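Biologist: I am new to this one. Could you show me how to read a pair of packed helices, and then a sheet?

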Amino acid sequence: MERLPSIVVAAIICFSVASVSSGSARLVGQGAIDSFRCFNLYLDYNRAHIEEDFVLMNRVALQIEELSGNSDALEFSAYAAGYSTSADSHRRTDLDALHWAQAGADWLNSTVAQRDKPWSGIQLAAYIYAERIVEHTGSMLDREKMLNSFEAWLASGGGPDAVSSLTADSYRSWLTTAPAERDNYIINVMSRKDTPE
Amino acid sequence: MLNLAAAIFRQLLSWPVMLTASLWLLLSYKLSFDKHLGAASLGAFLSYVVLAHSALILRFGYVLQQRRQQGWLRQDLIRNTTARAALAEFIAALVLLLLFSVCAQLLVFVFRPEIKVQEPAYYPVHSQLESDSGWTFDWNDNIPIGSKLCLTFDFSNAPTRLTESVISANDKNMDVTAGNILYWTLTKDDIVNRSIVLRSPAEHNLSLIRPLARLSIERPHISTLARLLTQQLLFFFTAIALCLFGFRYLKVNGTLAAVGSLSVVSLTSLQGVHLLPDVGGLIASGLRFERSAFTTPEIALLTWLMIGGALIGFSTKNPRPTKK
């Protein structure tokens, strides 16, 4: 009986550890562990970027997103893989460039609902489809994805960080266009806009 | 009693502990705010302070156990000074945490770290169709007052040339223009209910772009650090009381009592089960701290402090006799 309180306290500790490991509770101080892990992940991410290891960049970016809620790294990995290094100036083979462009677009499309700020990413996805994929494959499905992404981006007026009356005006003009002409209107607007940076 | 508290405080804050705490504080600052290394996040800094507070509570447990081994508890019993001794131990531990918080605040006050422009933070929000022209949004935790829903509407199926509509909930209406994001400020009731239903006129045939629906939460400014640190102290008030209760009343080993108290207070964040008052927001920290900062209901805070007070009360009683 003398040891009963100690046994109860030990049982509470075990229950807490089990709750933390199952993800239903957070340990006091776990934020510090996550912050430090995130700090280290950024170092790995930068190293992967220098080595142009896009798969690793994306994997690390997903972990950063999960820990910090910040999806900038995720979008940049898609940009690096699917847009910037797929340009002609990088002298990749067409097949290789197309492969990475599709990977970048897939990374963006599959995480729209989970990214903290998805607006610039959907614009980027639209441009990856337009300039790196549809031009080479001519796929109607990819064209549809491009149009849908860009339409959503126009509807958001560029997103909270890049609010633009020109984008909002373009969307309103698009609405007044006859349904049969809407796709061409979007393609015209895309060709006028600056490419993503 | 104050002399005794000062003596215990000196025992708690030995030179190695003081040196480690100072180094930890500097490292925390560097990791959190350094231009090249850090995340420039107040939440990261707060998380390192929380970890230091937890370590100091472990130190408190260790010192309590040392005092037991030195025979002080038996002395208290013989002299009938248990109440004063327990209170002195509690005050010493609380002052130790307070001192660390003050140093953290001073460090930030003196060096004034540069934090990027205070943009709001965005979080995905669960939404579902309520009807053809209505949507339910819900979230499963406390969010700060002033949070907004950030919504993008698709007007492509609306009647020709319609570029403006109205979104409504209960008695509140708000105009929405095609091509502009709608920011819907949540009321206190919405935040307490953790859900809201928004509707648009059925004839306008608007559709919500659900993957783009977000909760927009303002990040606390760096000037709120003092308030955030005070909230941490209120949280650890009961943690210290729990440690003392385990050690003095239940006669558990000091270190075990400290680990136990940290385990118990960790359960405030247990999802779905409300074993303890919902005070997890008091130690809002980490890279997503804005979501839970300043969300603790007053009644929960009051209950938490009352639990702490009651535990201190129990700790001041003479321990039950040991059977031989």
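Biologist: How do α3 and α8 of chain B cross?

Modeller: Two packed helices are described by the angle between their axes and the distance between the axes. In this predicted model, local features need pLDDT of at least 70, side-chain atom pairs count only at pLDDT 80 or more, and totals for chains, interfaces and linings use all residues. Residues are numbered from 1 along each chain as its sequence is written, with chains lettered from A and ligands numbered from 1 in written order. Helices (DSSP runs of H or I, at least four residues) and strands (E, at least two) are numbered from the N terminus. The axes of α3 (residues 42–69) and α8 (residues 254–266) of chain B come within 7 Å and cross at roughly 150°. Axes are lines fitted to C-alpha atoms, for helices over the stretch in contact; angles run from 0 to 180 degrees between N-to-C directions. α3(B) and α8(B) are therefore roughly antiparallel (over 145 degrees).

Biologist: Which residues make the contact?

Modeller: Contact means C-beta atoms, placed from the backbone, within 7 Å. α3(B) contributes residues including B:I57, B:L58 and B:F60. From α8(B) come, among them, B:A257, B:A258 and B:L262.

Biologist: Now the sheet. What is the strand order?

Modeller: Strands pair if DSSP finds at least two bridges between them. The open sheet of four strands in chain B runs β1-β11-β4-β8, with antiparallel pairing. Its edge strands, β1 (121–124) and β8 (182–185), each pair on one side only. The twist averages 30° from one strand to the next.

Biologist: How many bridges join β4 and β11 of chain B?

Modeller: Three, linking residues 148–151 with residues 214–217. B:L149 stands opposite B:L215.

Note on methods
Angles under 35 degrees count as roughly parallel, over 145 as roughly antiparallel, 65 to 115 as roughly perpendicular and the rest as oblique. Two residues are in contact if their C-beta atoms, placed from the backbone, lie within 7 Å.
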